[in-house]
Amino acid sequence: MADRIAVGLIGCGFFAQNHLHAWTDLAPEGADLVAVCDIDAARAQAAAEKFAVPHWYTDAETMFRERGLGLVDIATQMRTHLPLVEMAIRHRVPAIVQKPFGRNIAEVRRMVDASKEAGVFLAVHENFRFQRPLLKIAEIIRTGAIGMPSWARIGFRTGYDVYTGQPYLAKEERFVLIDLGVHVLDVARVFMGEVAHLTAELQKRNPRVAGEDTATMLLRHASGAVSVVECTYESRRLPDSFPETLVEIEGDEGAIVSRIGSKIEVTSNGRMQVFDADPPVLPWAERPWHVAQESVLETCRHMVEALRAGRPAATSAEDNLRTFALVEAAYEASGKVRPEV
Ligand SMILES: NC(=O)c1ccc[n+]([C@@H]2O[C@H](COP(=O)([O-])OP(=O)(O)OC[C@H]3O[C@@H](n4cnc5c(N)ncnc54)[C@H](O)[C@@H]3O)[C@@H](O)[C@H]2O)c1
């Protein structure tokens, strides 16, 4: 098939395992994972062997030179995103990069500008908005069932031990807001529209981590709607909702409330209906991660479709700059306003 896309994956660490499965699943749709790369040779080789990928590399530059890629998927940590994205652009290879897009807004702007100037497809693997329950909520809003959304609470609160799989998180000076807040703020944009202003309070409730582990934000959207957007890795409530984002949205004709287990209660014109939006547990997935895992497949699928159609991804570099700007604004706003007596 002439329109097959040769995909290369950079980074074969913790989360990339989901990308490896997703790209394998997308082979029937014309995406061929032809090469993987990790500076850790054992990881690159293990990924290539497990997923029957024909080539593995420890140097991304060599992979770009030798493989004639049609798409590169960058699943390394944020500190490497800028150099790897610039490398992809130099080679004129369309690129997807994991969140957080960069370490700060200056890096993000630089990548957005570079991709625009070169006319190279660049998108962020911002997968939360592709999670099945969140897609369902967006669809319900679009139908007008709750009228015009005017208030929301969007939260990701968990005590799940994220530090075992991702030990580096405990050392990040900018932690939960850039790691997790970036997802929930993106969801807030999708459901409630662009943000006119925001304020935030950050807390470090776990003394063993370097950065903030809890963020509570108050947003005013351009439409006039208000939302409370929260995230924490330090919640001790049971049942734990990991890895679900729970949402409450009120409009002038109804409301949407999501519950643990991807149950969505929709009230429209005084009648309440419950939808089950739990995604299938893919053969390679496991509970409770399955909600996130299926969204990785959907995100990669969306990227392939957008690339083929010659249009930007929904989570294009430019779109994600808007989400990233909210993260920066929340860091900036934290603790700024004091009561005057
Ligand atoms: N979207 C989500 O739901 C989600 C969930 C978890 C992690 N993530 C993101 O995924 C990214 C990776 O996180 P992780 O926990 O898998 O990290 P990780 O450290 O486990 O994996 C990163 C891998 O990249 C490799 N690497 C680093 N620099 C490289 C380079 N220049 N060339 C090739 N390989 C290189 C490392 O050796 C490592 O194997 C982060 O940006 C993280 O925020 C996203």
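A polar contact here is a pair of N or O atoms within 3.5 Å; within protein, one must be able to donate a hydrogen and the other to accept it, and residues adjacent in sequence count only if both atoms are side-chain atoms. The model is predicted, so to speak for its local features pLDDT must be at least 70, side-chain atom pairs count only at pLDDT 80 or more, and totals for chains, interfaces and linings use all residues. Residues are numbered from 1 along each chain as its sequence is written, and side-chain values use heavy atoms, with hydrogens and water left out.

On to the ligand. An N or O atom in the side chain of D38 is 2.6 Å from one of the ligand's oxygen atoms, and for the side chain of Y168 the figure is 2.7 Å, again to a ligand oxygen.

The shell around the ligand splits into eight nonpolar, ten polar and four charged residues, with Gly counted as polar and Asp, Glu, Lys and Arg as charged. Domain 1 (5-120) and domain 2 (129-285 + 324-333) both contribute to this shell, so the ligand lies between them; the bounds come from an automatic or database domain assignment.
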